[in-house]
Amino acid sequence: MLKVPVHQVAGHPASEGQLGPLVDESGCFYKPLQNNERGNTEVAFYMSFSSNPRVPKHIQRFFPKFYGTRLVEASDGSGLHPHLVLEDVISNYVKPSIMDVKIGSRTWYAEASEDYIQKCFEKDKKSSSVSLGFRISGLQVYRSPESGYWKPEKKQIQKFGADDVSLVLRRFVSSYQPTESDRDPDCAFASSIYGGSSGILAQLRELKSWFEDQTILQFYSCSILMFYDKESLLNGGDPRGAVKLVDFAHVVESKGSIDHNFLGGLCSLIKFISEALATVNECTIEACSTD
Ligand SMILES: O=P(O)(O)O[C@@H]1[C@@H](OP(=O)(O)O)[C@H](OP(=O)(O)O)[C@H](O)[C@H](OP(=O)(O)O)[C@H]1OP(=O)(O)O
Ligand SMILES: Nc1ncnc2c1ncn2[C@@H]1O[C@H](COP(=O)(O)OP(=O)(O)O)[C@@H](O)[C@H]1O
């Protein structure tokens, strides 16, 4: 039985009359093929990438597993429609906090249509893409059983500037205290989520070192999904902070160049997350020196 995913944070959501992704109970994510070149581009990407011997195993793990394509009933009620069958990377998370970060100061590529380029150009300029090299496309942060998730509106997210991005990246890893100022998050979980040898920052750096070398593809308009399980964290378990790349509808062949657009955005995201982590380390040092 296919259902609408509960934890989708960006992109086109499924609803009556609207085509969007579906999930099943065995951990698969069904992404409908878009009715234009985008659908074919994404299928071609997964088919070649998942079996490309030039992509090391430790890098493949940053991409959802690909199980082929399948005709399933579309969410918009239009009947059978081809879908990509992917690993649902969120399926084992109980209370996931998730952030979708679209990487690159430029989401368009020269081969695209004039209209598409113009639309992307405007969105890149109005959002933080041009200024920071990335923009937050969507997010949800689990707060508590009483308050549920903080999931700001798309319109609000699109206006995020550098200060908002910095604040949100700190709020993403903070405990929820309704009485405290929302503008002063405590970053209580920054070390466990962002830090450590297998935390989100380490994973982003591993990805960065591959992007410093790879000249296979240019990942336009692709997102980094960062997530962890707050439930596990609060119960003293492993929060399983993870990084996955999603959305390959605008990936083009690289013809031998480094993907500077993606690499630059990734470096900038790493800088912002390192700063969030440094805030905590500074607080810890201050606390120690006043003891
Ligand atoms: O329709 P819009 O304006 O919401 O744009 C979609 C984007 O939303 P945004 O406003 O940038 O957050 C949307 O971005 P997110 O996935 O939400 O980051 C996609 O870029 C989508 O294009 P595609 O499915 O990747 O080919 C975009 O869809 P297209 O309009 O390009 O089909
Ligand atoms: N493999 C996946 N597993 C779980 N959730 C996913 C997966 N791929 C995408 N998502 C969710 O769907 C959202 C939109 O995905 P995306 O591929 O960007 O779609 P679109 O092409 O509509 O923009 C992401 O922000 C994320 O919340």
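How much area is buried between domain 1 and domain 2, and what share of that area do carbon and sulfur atoms give? In this predicted model, the area buried between the two domains comes to about 1,600 Å², with carbon and sulfur atoms giving 64% of that figure. On the domain 1 side, Arg38, Phe45 and Phe62 lose the most area to domain 2, and together these residues make up 34% of what that side buries.

As for the layout, the chain splits into domain 1, spanning 14-87, and domain 2, spanning 96-290. Taken over C-alpha atoms, the centres of domain 1 and domain 2 sit 23 Å apart. Contacts across the boundary involve 19 residues from domain 1 and 18 residues from domain 2.

Polar links also turn up between the domains. Two salt bridges are counted between domain 1 and domain 2, along with six residue pairs in polar contact, both partners being at pLDDT 80 or more. Helices H1 and H2 each put at least two residues into the side of domain 1 that touches domain 2. The top contributor to that side is H1, with six residues. Sorted by class, the side of domain 1 that touches domain 2 holds nine nonpolar, four polar and six charged residues. One salt bridge in the model pairs Arg61 with Glu206, whose closest N and O atoms are 2.7 Å apart.

Asn52 is worth a look of its own. This residue is found in the loop that runs between helix H1 (37-49) and helix H2 (57-60). Is Asn52 buried or exposed? Asn52 counts as buried because its relative accessibility is 17%, and the cut-off for buried is under 20%. Once neighbours within four places in sequence are set aside, Asn52 is in contact with Gln60 and Ile216.

Over in another loop, Asp259 lies between strand E11 (251-253) and helix H10 (260-290). With a relative accessible area of 1%, Asp259 is buried too. Which residues does Asp259 touch, not counting residues up to four places away in sequence? The list runs to Phe211, Gln214, Leu217, Gln218 and Phe219.

Technical notes. Residues are numbered from 1 along each chain as its sequence is written. Chains are lettered from A and ligands numbered from 1 in the order in which they are written. This is a predicted model: local features need pLDDT of at least 70, side-chain atom pairs count only at pLDDT 80 or more; totals for chains, interfaces and linings use all residues. Side-chain values use heavy atoms; hydrogens and water are left out. Helices (H or I, at least four residues) and strands (E, at least two) are DSSP runs, numbered from the N terminus. Buried means under 20% relative accessible area, exposed over 50%, partly exposed in between (1.4 Å probe, protein chains only). Contact means heavy atoms within 4.5 Å. Domain bounds come from an automatic or database domain assignment. Buried area is the accessible area (1.4 Å probe) that two parts lose on being put together, summed over both. A salt bridge is a side-chain nitrogen of Lys or Arg within 4 Å of a carboxyl oxygen of Asp or Glu. A polar contact is a pair of N or O atoms within 3.5 Å; within protein, one must be able to donate a hydrogen and the other to accept it, and residues adjacent in sequence count only if both atoms are side-chain atoms. Ala, Val, Leu, Ile, Met, Phe, Trp, Tyr, Cys and Pro count as nonpolar, Asp, Glu, Lys and Arg as charged, and the others, Gly among them, as polar.
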